[in-house]
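Student: I would like to study this model with you. May we begin once the structure is displayed?

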Amino acid sequence: MKTFIKLLLLVAGFSVNAQNSLSGKITDMHNNPLADVQINTPELHRGTTSKEDGTYILKNIPKRKIKINFSYLGFKTVSKIIDFNSENVVLNIQLKETAFKMDEVIISAPFNKLQSENVMKIERLSAKAIHKTGATTLAEGITNIAGVSQISTGASIGKPVIRGLSGNRVLVYTQGIRLENQQFGGEHGLGVNDAGISSVEVIKGPASLLYGSDALGGVLYLNPEKFASENDEEINFSHRYFANTLGTNTSIGAKLSKENWKFLARGTYANHSDYKIPTKERVTNTRFNEKDLKTGVAYSKNSFTSEIRYNFNRSNLGLPEEGIGEQSTSKSLLEPYQVIDNHILSSHNHFFIGDSKLDLDLGYTFNDRQEFEEHHDEGEEEHEEGEDDHNHDHEEEGEEAALRMKLKTFSYNVKYHFPKIGNIEILSGAQGLHQTNTNFGEEILIPNAIINDFGVFTTANYSWNRNSLQAGLRYDNRNIDTERHEISHEGDLHIFEAIDKSYNSFTTSLGFKTAITDNFTARINVASGFRAPNLAELSSNGVHHGTGRFEKGNANLTNEKNTQFDLSLEYKTEHIELFANGFYNQLNDYIYISPTGEIEDEAPVFEYLQEDAKLYGGEFGFHLHPHPLDWLHLESSFETVIGEQDNGNYLPLIPANSWKNTLRTEFDVKKWLQQGYASLTLKSTFSQNNVSQFETESPSYNLLNVGFGGDITINNIKFSANLSANNILDKKYIDHLSRLKADEILNQGRNIVLGINFKI
């Protein structure tokens with residue numbers, strides 16, 4: 001750890017001399033100045049915003065060709081490539097209005113291009129859009145992206161599902177580094193609070209070329225909030241109230257930026273009681289609370305930029321075992337419950353060397369996961385409704401966790417962007433991690449282990465006329481070394497045999513994008529991916545309380561490998577947007593868990609096996625903005641996925657087909673309400689009859705959601721507000737991917753959410 005901190009300080013001390021700047025004025029087509037336009041440089045990972053009079057300035061730009069993007073909601077994004085040979089460049093920009101969403105820079109793609117320029121189709125959702133949906137957690141919010149679902153345990157725990165694949169098959173990145181938090185478990189959520197997240201990007205399909213093992217199913221890329229513009233400062237306060245869980249989410253952040261240095265800090269606290277179902281009952285011990293702290297410092301000068309960020313998150317999560325038991329609105333956790341501390345330290349650096357660039361990302365994550373089991377002492381005090389809100393503090397009570405695992409991960413990612421040769425861009429890199437898992441509790445789910453990853457890759461992009469071709473190749477090695485354990489449980493001896501395994505893989509990708517006409521764009525991508533077996537799949541030997549089964553690992557498992565074909569078609573005019581995304585995913589040696597019919601430790605025994613499988617489906621829809629009704633939007637999307645094993649069985653945890661229709665209006669009311677909106681959404685989820693051996697079928701249901709909000713000005717006080725009501729008809733339903741489905745526990749009933757956001 002000390003070595004890592006010294007390395008961060010050494011990197012942050014590097015700078016080069018030069019003085020270049022870009023300035024100008026941004027207006028609409030009628031020469032009216034536009035304020036708050038985003039001016040971004042994807043290569044420099046820096047930006048600013050325009051002032052009230054439309055003027056802007058961006059300083060400390062290295063002497064080279066730099067791509068500048070000008071983006072503003074409701075206007076078409078403009079991209080310019082500028083050769084900074086002189087110290088001061090003046091560029092005035094006019095933006096043209098458009099009805100559709102802003103074209104954003106995609107950070108998770110290899111060359112940080114605009115979405116419209118990318119060979120891969122990558123979905124993006126802003127934090128502001130997530131908050132408008134009234135989602136309780138970040139995992140719930142991203143389900144508004146077509147093709148993305150979640151495996152949920154109550155309202156607090158959500159695991160992302162991308163086109164039917166989940167768990168370790170979906171890699172999560174935050175602060176530019178991979179997030180490692182024991183995500184192999186079904187009852188483990190993201191462990192990241194949505195406060196301090198600016199946007200979410202989703203790669204739907206194998207991304208092993210850029211990210212290595214565990215990106216076989218896709219990548220969830222969380223972009224942290226941006227620093228303030230140069231020589232600016234800001235204080236932000238936001239609060240959300242959730243009627244269903246009587247919950248609150250309060251966040252306050254501060255930013256300060258000078259010419260070279262930038263700082264930010266944000267603190268967040270969320271607290272929820274048990275969620276209410278349409279029968280007016282509450283699901284016992286689904287209550288949870290969360291504390292989150294995010295800080296960051298950035299330095300930039302000419303040919304060097306650096307960001308150092310730190311995130312601490314403590315989640316206290318109730319684990320529902322009684323179903324509809326004790327009825328209470330208390331926020332004090334009952335046993336069993338989890339206490340999870342997550343520390344994320346990252347350093348994101350860019351060195352500009354002539355016409356080339358070197359990116360260096362360093363990360364350290366520390367996940368401390370504790371689980372406290374239920375005690376049945378006769379004198380145990382009951383939790384009564386109305387008691388003071390507090391949480392179990394195991395340190396004060398002297399209680400030790402039955403299960404405690406500490407996971408420490410050091411990761412690095414080095415990428416070199418070669419000088420551009422005509423229309424050819426080339427990127428080469430190396431990635432790796434060193435990880436240790438250590439047990440401290442009397443129970444063990446997975447053994448003590450050391451994991452080492454190393455991978456090298458090269459990818460290139462060639463653009464000509466209105467076409468782009470992108471290809472890449474990667475090699476990876478993962479080594480897993482575990483300790484031998486003997487655990488006695490109620491007289492039974494469970495042995496975790498030592499494992500020393502090495503897994504290797506080559507992955508490739510090839511993509512082609514073409515603008516067939518001015519309005520019609522097609523993308524074709526073929527990519528392979530791989531995933532090494534995780535510790536649970538290799539070495540489990542005991543009862544997994546989160547899933548209620550005795551799990552047995554299989555030390556003979558091999559790599560999962562897949563090849564996915566993607567076809568994406570888009571048609572856009574001034575008033576309509578059509579899209580069709582289809583995919584076929586062939587998985588070799590797919591790892592799954594299957595019942596044996598045996599009983600051990602009073603739980604059914606499941607073992608891990610392998611079988612070839614396939615998934616196929618897609619997302620289809622349109623966005624209509626009819627003329628002359630400029631205030632009206634009609635959006636519709638349909639998503640489907642089918643997962644089958646070669647032995648004829650269906651894959652587990654495949655989301656049901658769904659159809660989402662939204663009627664949205666946009667309006668301004670004089671000067672007191674700007675960027676106002678009102679929306680009505682009907683989401684129809686079809687029955688899921690294609691189920692695995694140990695699943696049951698799920699009936700169809702329809703949910704109706706409404707939303708209203710905008711930017712409000714009252715007596716020179718400016719703030720944004722939004723009101724949403726999800727499942728407004730209080731419909732009884734059980735989602736197919738709910739972990740509580742086996743106990744026939746309903747999903748959340750009506751939830752009215754009120755949010756406000758002040759900028760000072």
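Student: Which residues are linked in a network of salt bridges?

Tutor: This is a predicted model, in which local features need pLDDT of at least 70, side-chain atom pairs count only at pLDDT 80 or more, and totals for chains, interfaces and linings use all residues. Residues are numbered from 1 along each chain as its sequence is written, and side-chain values use heavy atoms, with hydrogens and water left out. A salt bridge is a side-chain nitrogen of Lys or Arg within 4 Å of a carboxyl oxygen of Asp or Glu. The network links Lys121, Glu123, Arg163, Lys204, Arg523, Asp566, Glu570 and Glu619.

Student: Are Arg531 and Glu560, which form a salt bridge, buried or exposed?

Tutor: The closest N and O atoms of Arg531 and Glu560 are 2.9 Å apart. This pair links distant parts of the chain, strand E30 (residues 520–531) and strand E33 (residues 560–572); strands are DSSP runs (E, at least two residues), numbered from the N terminus. Buried means under 20% relative accessible area, exposed over 50%, and partly exposed in between (1.4 Å probe, protein chains only). Both Arg531 and Glu560 are buried.

Student: Why is one side of strand E9 and of strand E13 left without a neighbour in the sheet?

Tutor: The open sheet of 5 strands runs in the order E9-E14-E15-E12-E13, with mixed pairing. Two strands pair if DSSP finds at least two bridges between them; E12 and E13 do so over 2 bridges, in the antiparallel sense. Strands E9 (122–126) and E13 (177–178) stand at the edges, so each has a single partner strand.

Note on methods:
Helices (H or I, at least four residues) and strands (E, at least two) are DSSP runs, numbered from the N terminus.
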